[in-house]
Amino acid sequence: MAHHDQKCFLLAVDGSERCLTAVKRFGQFFKDRTDCRWTILHCVQQHLMLYPGELWDADTSLRVARSTQEKICQSITGRCRDALLEMGFDSDRIETLCRLDSLDPGQEIIKVAGEKKISCIAVGRRGLSPAENILIGSVSTRVVQYEEYRTVWIMEPDAPPTGNVLIAVESHPECRALTYYVHEWIGPTPGKQYTFLHILPPVPPTLWDDGHILDEQERAARHSWKRHWEEEKRRQVDQFMDEAREVLLSQGIPNEAIQCRIVPVHKGVARDLLAHIESGQYEAVVMGKRSLREKKPFLVGSHANKVLQHARKVHLCLVGRAC
């Protein structure tokens, strides 16, 4: 059962060194907080325990392998627990959990989060290329795809410990949701720097040039309309970013630790956002995953999905509806 006065994370881990490093980096990001609780979960997949020559009798081999599964699981979760203890987290705030004979680790992770009433899931990114993810899907992609309500963190072993957090916002309601999440989950961690980023969308088609050469008067009118449209957009964004700043200031975050940036789109919203991420100055990126909830195939479009597939060397936080 989750403790409502504390921030509970479900850390889904595998046995790789990269995942262990990711847990260390992720724990480091939150290490100065005293109200975090950690449930470390490892799911042992069934097919991993079927050895050559045993496939003819799968039921028997799985029964025999159960003790082996438990030992493997305890070893993996134990190493991650030790890593958090070394950072100074209290042992009574760390729980380890094993799920054996897992057919689908992604669904198992979501199920455990529901059982434990944990609203934040953290998973490592498998070393698959975007093309391989499209073909078979990684556990992290599946968790983001099917977890509708909870926030999902993608832990990154190569995230630089800069303390810089990028908050990518598209709209006023989304900015409020992300600000609330940062205020509750990241803001109390001292030493962080925050950048709110809004990428202005392209000029709508109604303001494009017509299918003929404009005369001087038409060009002047068209430029005036475009300028007015951009000024109004900037005014709206300034308004909700000022709101966000005030929320963080109310928590004691110094004004100089908060930046608000509005930039025009260059190559596309997702590609421009990825270019900002690839600058290497950010330790974490926070954005909404509302576009992943639309009733369309998960791999079709969506800024959040593109960032999920291509962002590297940064902890990626995709905020769900129940933030």
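Both Phe26 and Trp38 are buried. In this predicted model, the two residues form an edge-to-face ring pair, since their ring centres are 6.2 Å apart and their planes stand at 80 degrees.

**Aromatic pairs at Trp38**

- The planes of Phe26 and Trp38 meet at 80 degrees, which is over the 60 degrees required for an edge-to-face pair, so the pair is classed accordingly.
- Phe26 belongs to helix H1 (residues 17-29) and Trp38 to strand E2 (residues 36-45), so their pairing ties together parts that are twelve residues apart in sequence.
- Phe30 and Trp38 also form an edge-to-face aromatic pair, with 6.4 Å from centre to centre and 70 degrees between the planes.

**Burial**

- Trp38 has a relative accessible area of 1% and is therefore buried.
- Phe30 has a relative accessible area of 0%, so Phe30 is buried as well.
- The cut-off behind both assignments is a relative accessible area under 20%.

**Aromatic cluster**

- Ring pairs join Phe9, Phe26, Phe29, Phe30, Trp38, Phe89, Trp153, Tyr181 and Trp185 into a cluster.
- Members of this cluster include Phe26, Phe30 and Trp38.

**Charges over rings**

- Lys7 places its charged end over the ring of Trp185, at 5.1 Å from the ring centre.
- Lys192 lies over the face of Phe29, 4.6 Å from the centre of that ring.
- Trp185 and Phe29 are both among the residues of the aromatic cluster.

Terms used: Residues are numbered from 1 along each chain as its sequence is written. This is a predicted model: local features need pLDDT of at least 70, side-chain atom pairs count only at pLDDT 80 or more; totals for chains, interfaces and linings use all residues. Side-chain values use heavy atoms; hydrogens and water are left out. Rings of Phe, Tyr and Trp (its six-membered ring) pair if their centres lie within 6.5 Å; planes under 30 degrees apart count as stacked, over 60 as edge-to-face and the rest as tilted. Helices (H or I, at least four residues) and strands (E, at least two) are DSSP runs, numbered from the N terminus. Buried means under 20% relative accessible area, exposed over 50%, partly exposed in between (1.4 Å probe, protein chains only). A charge sits over a ring if NZ of Lys or CZ of Arg is within 6 Å of the ring centre and within 35 degrees of the ring normal.
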